Amino acid sequence: MAWHLYRLGRWSFRHRWTVLSFWIGLLLVVGVASQTLAGKTSDEFSVPGIESSQAFDLIKERTPDAAPDGAQAQIVFQAPEGQRLDDATNKALVDETLAAIDSKNVIAATDPFAGTISEDGRTAYSSVSYAKNSIELTDADRTALEDAPEAARDAGLTVAIGGDALQEVPHGGTAELIGIGIAIIVLLITFGSLLVAGMPLLTALIGVGIGVASITTLTGFVDLGSTTPILATMLGLAVGIDYALFIVSRYRHEIHLGRDREEAAGRAVGTAGSAVVFAGLTVVIALAGLSVVNIAFLTEMGLAAAATVAVAVLIALTLLPALFGFAGRNIGWGKLPFINARDPEDQSVSRTNGRRWADFVTRNKLVTFVGGLVVAGVIAIPVASMQLALPDNGTAAEGSGPRVAYDLISDDFGAGTNGPLLVVVDTKDAADPAAAVDATVQRVESIDKDVAAVVPPAPDPSDTAATQTYLDDLQATGYAIISVIPKSGPSEAATQQLVDDIRGAVGSVEQSTGADVLVTGQTALGVDISESLADAFPKYLLVVVGLAFVLLTIVFRSVLVPLKAVLGFLLSVGVALGATVAVFQWGWLADLIGVDTSGPVLFMLPLLLTGILFGLAMDYEVFLVSRMREEYVHGRPARESVVLGFQYGARVVTAAAAIMIGVFGGFALGDDIIIKSIGFGLAVGVLADAFLVRMTIVPAFMALMGDRMWWMPKWLDKALPNLDIEGESLERHLAEGADADAGRHAAAPHAHVG
């Protein structure tokens, strides 16, 4: 592989205008497409086959005009101190507001004065149901909802709108700027030159632009979540800069050795580029592997991010050598005199900081290894108490409309009112439908723990007309809905337990009446999705880790190296999840990153974090350990190969990790709780994996193992293909070429004489 990449690097160097034109042209094409063909994104989470989704499907099948999973809005009104909402003037303002939200997609808006007004009369809310989900609402729907409260607000009423009808698509503009700013600083410190520092940034931005514009174009044809392009941006920017960083660093080293510029470009792509290909492949496998859990939104996110990473790899292998060609002999342009960006492989200078750290770790290998394990274990302790849930408005930004609405409802009606559970009784096969519904109501009411109210579908028996209408509807549709208001909030553990308690309680109803009872609602949906992800997690881990183990075995020709890499990755994930639980669930140091309210961890975070971190962890494993193996296969003793490989790779890996931490940390400072938690978890995970695991525990363990680290059964070594990450085939081809040239030069005089 190294030989083919070497040729690709030289070809790109010579045909730089062709390469540059291709990538810029592709960027322009997908950019225009994204502006003309793009659709909308959403935050709709669903998993086919789970009970909560089955209940939604039943309702839509029996009553096609119903939209149980349509957009919802809660309009909360509060009168000033000393006033009541049911006063004539305030009541008129409320009625005017509800009349103003009317649009073709509004199914119903409940009367806030008919059961949803507080005891003191100051606060009330109306629940607005839409025929379409939030992604399908028109601009007219949103505008009507946003503008409706103007008169009421002008008159002194507090009006807040919650729900997902006005759901905003998260944007990461500030986050990207923070990440880019940190990347620029790190690149300048690493290379000490404006031109060289700008190359990784330029190629990464082009790659991210192509990836995100392509994803945006796809939204016009398929439904994609709003976090999909942001995740692709986050990863594309981080790995794009990192991959270019490794190749640029190797190119500077080759130039330092006095090689011709085209030759240096070829060798940089052939050696560092080989590691980039494999590192990128592990990231792509980890992200694309999310599809094995068979959950649509995770598959979309994984494939989109994987495609963006693949583009970043291709750009690093082709556009970078083209830029080397454009730079020519001005590669050191913009050198900063106050930064000493020396070549870590230059043996003529004093020991580098990386060399000093490697010497310390390998001399104190046992203490360092055990100490690193203890630190990782302590930070990972909070994982044992991790709770998962769908995000709700209780964790929205302080002062935002959804958060104000959530808090007003919680204060005056109870936290559970923000997330009622729906118990759907399917009476199609019941001998006595009404009796089945009544039995279900009784069983739910028998649950004392965490039930604030049970709202049955049947009206007061004394109202004969209403009762007959209810029975007719039950006979026609074959189902009834019972509303259950928990005492606890939607994302609290007690509410999640209540879902299980209700399902356990209604089991006897199903057996005795023949009715099928399903529990649904947004809270139940979150519980079901979390359980589905937990069930799918072992399968995902087995597939991804298994494939990566095989690839690492092929690359490093060792059994212990890939085993050590996988176990080290598990430590990194434990640290990342432990820190996330401590901050987002326990509330430790939450103010530092703007977490206003602690709560359960995002339900998909463990699986998403595992997939992404696995790919990134293997990046550092490849970049560091491949240099160690390169020294070992060239005859260095085991301990010395660890020290030298660490010395050569530590500076650039440190820079790469710092850039990733900066990019992910920028997203952790945003407002959207989903993006914030993902960014924080990734930033901590990269910090732990790069500095605690790969730069401390790994070299200590390798020094402990010595030559045994590179042991591999002979039969397995013969059976596996040789990917040649270290560039042995490249050196062989170049040596053969040099011998052939020498032979031709030696034979030329004899041919002339003859």
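Surface patches are made of residues with over 30% relative accessible area and no salt bridge, with like charges joined within 9 Å. In this predicted model, one such patch is negative and is formed by Glu146, Asp147, Glu150 and Asp154. Two elements, helix 5 (139-147) and helix 6 (150-154), each give two or more residues to this negative patch. Glutamate 146 belongs to helix 5. With a relative accessible area of 44%, glutamate 146 is partly exposed, because partly exposed covers values between the 20% limit for buried and the 50% limit for exposed.

Isoleucine 381 sits in the loop that runs between helix 13 (365-379) and strand 7 (388-389). The relative accessible area of isoleucine 381 is 55%, so this residue counts as exposed, the cut-off being over 50%.

Which residues is methionine 709 in contact with, leaving aside its neighbours within four places in sequence? They are Ser558, Leu560, Val561, Lys564, Phe701 and Met702. As for isoleucine 315, it lies 394 residues from methionine 709 along the chain, and the C-alpha atoms of the two are separated by 34 Å.

Conventions. Residues numbered from 1 in each chain as written. Predicted model: local features only at pLDDT ≥ 70, side-chain atom pairs only at ≥ 80, totals over all residues. Heavy atoms only, no water. Patch = residues over 30% accessible without salt bridge, like charges linked within 9 Å, V, L, I, M, F, W, Y side chains within 5 Å. Areas by Shrake-Rupley, 256 points an atom, 1.4 Å probe, with all protein chains shown as cover. Salt bridge = Lys/Arg side-chain N within 4 Å of Asp/Glu carboxyl O. Lys, Arg positive; Asp, Glu negative; His and termini not counted. Charge placed at Lys NZ, Arg CZ, Asp CG, Glu CD. Helix = DSSP H or I, 4+ residues; strand = E, 2+ residues; numbered from the N terminus. Buried < 20%, exposed > 50% of the residue type's maximum accessible area, 1.4 Å probe, protein only. Contact = heavy atoms within 4.5 Å.
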